[in-house]
Amino acid sequence: MPANPSTNYWRDVLLSALAPVIWGSTYIVASELLPPDRPFTAALIRALPAGLLLLAYTRRMPARRDWWRLLVLGALNIGIFQALLFVAAYRLPGGLAAVLGSVQPLVVMALAWVADRRSPAQATLWSAVTGIAGMAVLLLSPQTVFEPVGVAAALLGAVCMATGMWLTQRWRLDLPVLALTGWQLVIGGLMLAPVAWLADPPLPPLSSSQWLAYAYLSLAGAVLAYVLFFRGLVRLPAVAVASLGLLSPLTAVVLGWALLSQSIKGMPLAGLVVVLASVFAVQWTSARTRHHVFISPKQLLP
């Protein structure tokens with residue numbers, strides 16, 4: 001008996017949601033466990049080993065016509081984005097860094113409108129705006145410190161990632177998800193290598209907790225999270241996947257409350273509820289309005 005399309009859709013949403021939840025832990029891991037002032041080294045260690053592991057497993061070469069597209073996607077989704085992500089993570093409180101990155105759904109909708117002349121559904125647009133507003137209520141306060149470089153890195157990183165998401169779905173390269181993820185991680189990691197070498201000081205001797213933190217960032221934060229993320233882009237509308245990005249700052253806030261004794265009450269608690277409601281509203285609207293898109297078996301997980 002074939003599976004219910006609605007059931008499949010919501011299962012894909014739940015699996016895709018794990019990626020931003022894992023990424024939301026990046027901020028607390030970077031600020032509490034990693035050696036300080038080495039953002040590009042952290043991005044490199046996260047991306048390159050994970051990509052090599054996936055390529056060793058898949059052993060799949062891209063078509064010649066797809067190489068330039070992979071270079072663009074590897075730069076936007078991994079190289080530039082990961083560098084800016086860790087710059088923001090080192091310079092801003094985790095929640096603030098993540099909320100500045102939550103503009104991704106609006107960027108994706110703007111790209112679709114400008115390039116494809118496809119206007120977003122009004123309900124989806126308002127849900128995305130409401131989610132960002134809820135995130136602001138949850139995180140911003142008179143005591144919030146806006147470090148200029150960190151703010152610029154977070155916003156530019158969000159634009160790069162949103163553009164990469166939109167192009168990933170627009171181009172639909174003829175690669176399985178694991179190979180697509182691996183090649184982007186390797187390309188992005190190779191781009192990060194000279195920057196880390198030139199800009200960051202050498203790593204000091206690492207403690208066991210720091211080794212585990214780097215391993216977590218690479219295995220969970222890159223291998224698992226990016227595979228689930230690109231799988232979602234293959235199966236779900238780009239706006240739906242982008243809206244799940246709001247779960248990243250939400251995770252950062254919850255981890256801060258659970259591990260760093262940061263309080264959530266009053267207006268921030270109301271903002272948390274608004275964010276969750278907006279994420280669900282975008283998914284609900286996308287489920288009702290999405291078009292059936294043919295998915296090649298080559299693009300599915302083995």
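Trainee: In what order do the elements of the chain run from the N terminus on?
Mentor: This is a predicted model. The chain's secondary structure comes to 13 helices and zero strands. From the N terminus on, the elements therefore read α-α-α-α-α-α-α-α-α-α-α-α-α.

Trainee: What percentage of the residues in the chain is buried?
Mentor: A residue counts as buried under 20% relative accessible area. The chain has 302 residues. The buried share of them is 53%.

Trainee: What share of the contacts with a separation of 6 or more joins residues 24 or more positions apart?
Mentor: A contact needs heavy atoms within 4.5 Å. Take the contacts in the chain with a separation of 6 or more. Residues 24 or more positions apart account for 92%.

Trainee: Which residues does Phe229 contact, leaving aside its neighbours within four places in sequence?
Mentor: Set its neighbours within four places aside, and the contacts are Ala19, Trp23, Met161, Met165 and Val241.

Trainee: Are H4 and H8 roughly parallel or roughly antiparallel to each other?
Mentor: Helix H4 (residues 67–91) and helix H8 (residues 148–171) pack with their axes 8 Å apart. Their crossing is left-handed. The angle is about 155 degrees. Angles over 145 degrees count as roughly antiparallel, so H4 and H8 are roughly antiparallel.

Trainee: Is Thr163 buried or exposed?
Mentor: Thr163 sits in helix H8. Leaving aside neighbours within four places in sequence, Thr163 contacts Leu76 and Leu111. Its relative accessibility is 18%. The cut-off is under 20%, so Thr163 is buried.

Trainee: And Thr58: buried or partly exposed?
Mentor: Thr58 lies in helix H3 (residues 39–58). Its relative accessible area is 22%. Buried means under 20%, and exposed means over 50%. Thr58 falls in between, so it is partly exposed.

Trainee: How far apart in space are Thr58 and Val177, C-alpha to C-alpha?
Mentor: Not counting residues up to four places away in sequence, Thr58 touches Leu178 and Ala179. Thr58 and Val177 are 119 residues apart in sequence. In space, C-alpha to C-alpha, the distance is 9.8 Å.

Methods
Residues are numbered from 1 along each chain as its sequence is written. This is a predicted model: local features need pLDDT of at least 70, side-chain atom pairs count only at pLDDT 80 or more; totals for chains, interfaces and linings use all residues. Side-chain values use heavy atoms; hydrogens and water are left out. Helices (H or I, at least four residues) and strands (E, at least two) are DSSP runs, numbered from the N terminus. Buried means under 20% relative accessible area, exposed over 50%, partly exposed in between (1.4 Å probe, protein chains only). Axes are lines fitted to C-alpha atoms, for helices over the stretch in contact, and angles run from 0 to 180 degrees between N-to-C directions. Angles under 35 degrees count as roughly parallel, over 145 as roughly antiparallel, 65 to 115 as roughly perpendicular and the rest as oblique. A crossing is left-handed if the near helix is turned anticlockwise from the far one by less than a right angle, and right-handed if clockwise.
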